[in-house]
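Please keep the sequence and the structure in view while reading.

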Amino acid sequence: MLNKKDIESFLKLGYFLDYKNPNYSFDFAKIDKQKYEKLSFVELKRIGAELFINAISNLFENDKEHVVPLSGGLDSRAILAGLLEFTEANKISTYTFGTPGTLDFDIGNKIAKVVGTNHIEFPLTEYEYNMDEMLDISKRIDHQTVLFHHPPVKEVLKEYGGKHIWSGFLGGELTDARHTDYNEDSIEELFLKQNYYKKDSILLRNYSNENLIEDLTFKSDNDLTDYEVLDYCNRQLKFISPHVLMNGFQFKVPFLDEEVLNFFWSIDNSFRKKQILYKEILLESFPKLFSYPTKNNAGLSLNASKTQLLSKKISNRIKRKINNNVHVNYLDFNNKIREKKDMKNIVRENIYDLQNRDIISGLNVIEIFDKHINNKANFGEELLLLTSLEIHIKGKTLYSN
């Protein structure tokens, strides 16, 4: 049975902090901040490009079938471009999942069409949630993270089971020095606050972070910032990895290549700010493929002008205000829990079962559900967390027997 601290970490962060990832880990021992300090930007760009292609080469097997889950971002496209150095487009399968009208979904589908891969799209608007599949997914992610942010796993397994699936896991985190400027006294407290699943959630009210800090995994004696280490060892290994690298699939993960990891960790952080080096590597190495729009640049190509980018950001901001957020690839959970019968039923069933367990301190979860369904509040994220928690409890019981 889950203890109070387990429940607290899940409702705050969307995952269990005491999790030990059995499949992946990070070794920071070979980081060398002096190795590249005298090299120019041009030289770093050449080395980074060579290391990335070498990572693809090391993982590539000619007699295997290769699959790239293709989004609107940089990493999956970089992997696709790298694979095209070793095989033809008609020998690569791709798929895109999400909501039509969002950047991830629309751009991913466009790139597949441009390249000519064997492509399937999975619109989540047509996905029917069912309890058996949710329990199966819970098992595949070690009963560890919030659910409902995944492709239709059963269909993906049917199409691509046994094939090599190339994941862009860690690409964005590794190539962007986004966690380097924090000088707070309590870096652990800051990390927790900045990684709340929903920062203004009503589920946060009855808990403090004090009990969670002791479950944060931290490795010292390296040249990364404390915040970066906390992010890699906790959010990446305990939240992102179980979710995107599900059990039961054969994943190839180029950004976990030791040489690639140590290169980006070792270069000066000024070359990682806003992915400046990584973007230049992609533009120079794969100019045609990265002349097309990306989610990372508000739906424009990486070489768009500052004026074009500003105009596009304003346009996207307006769309967001009219409840059409092009950057959110998943369902509009607030509305879908009310309107989508299959989702509503799963949420209701599990919320009532969770209430009967009486393990959520100081909250009536049925009341949260009722207020949401009756449009008295928007508790979509809270309901996803609570529903996921109950499904994981059932899943742990089911698969431990």
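## Conventions

Two strands pair if DSSP finds at least two bridges between them. Helices (H or I, at least four residues) and strands (E, at least two) are DSSP runs, numbered from the N terminus.

The model is predicted, so local features need pLDDT of at least 70 and side-chain atom pairs count only at pLDDT 80 or more, while totals for chains, interfaces and linings use all residues. Residues are numbered from 1 along each chain as its sequence is written, and side-chain values use heavy atoms, with hydrogens and water left out.

## The sheet

An open sheet is formed by 5 strands in the order S3-S2-S1-S4-S5, with parallel pairing. Its edge strands, each pairing on one side only, are S3 (118-123) and S5 (250-252). On average, neighbouring strands of the sheet are turned by 30° against each other, direction ignored. Here axes are lines fitted to C-alpha atoms, for helices over the stretch in contact, and angles run from 0 to 180 degrees between N-to-C directions.

Strand S1 (residues 66-69) pairs with strand S2 (residues 92-98) in the parallel sense over 4 bridges. Val-67 stands opposite Ser-93 in S2. Helix H6 (residues 153-160) lies across S1, S2, S3 and strand S4 (164-166), and runs at about 170° to S3.

## The nonpolar core

A nonpolar core is a set of buried Ala, Val, Leu, Ile, Met, Phe, Trp, Tyr and Cys residues joined through side-chain atoms within 4.5 Å. Buried means under 20% relative accessible area, exposed over 50%, and partly exposed in between (1.4 Å probe, protein chains only).

The largest nonpolar core has 122 residues, of which Leu-11 and Leu-389 touch the most other members. Contact means heavy atoms within 4.5 Å. Not counting residues up to four places away in sequence, Leu-11 touches Leu-203, Tyr-207, Ile-360, Leu-385, Leu-386 and Leu-389.

## Two residues with positive phi

Most residues other than glycine have a negative phi. Phe-148, however, has a phi near 80°. Phe-148 lies in the loop between helix H5 (131-140) and H6, and is buried, with a relative accessible area of 0%.

Lys-274 has a phi near 55°, also a positive value in a residue other than glycine. Its place is the loop between helix H11 (258-266) and helix H12 (276-285). Lys-274 counts as exposed, at 72% relative accessibility.
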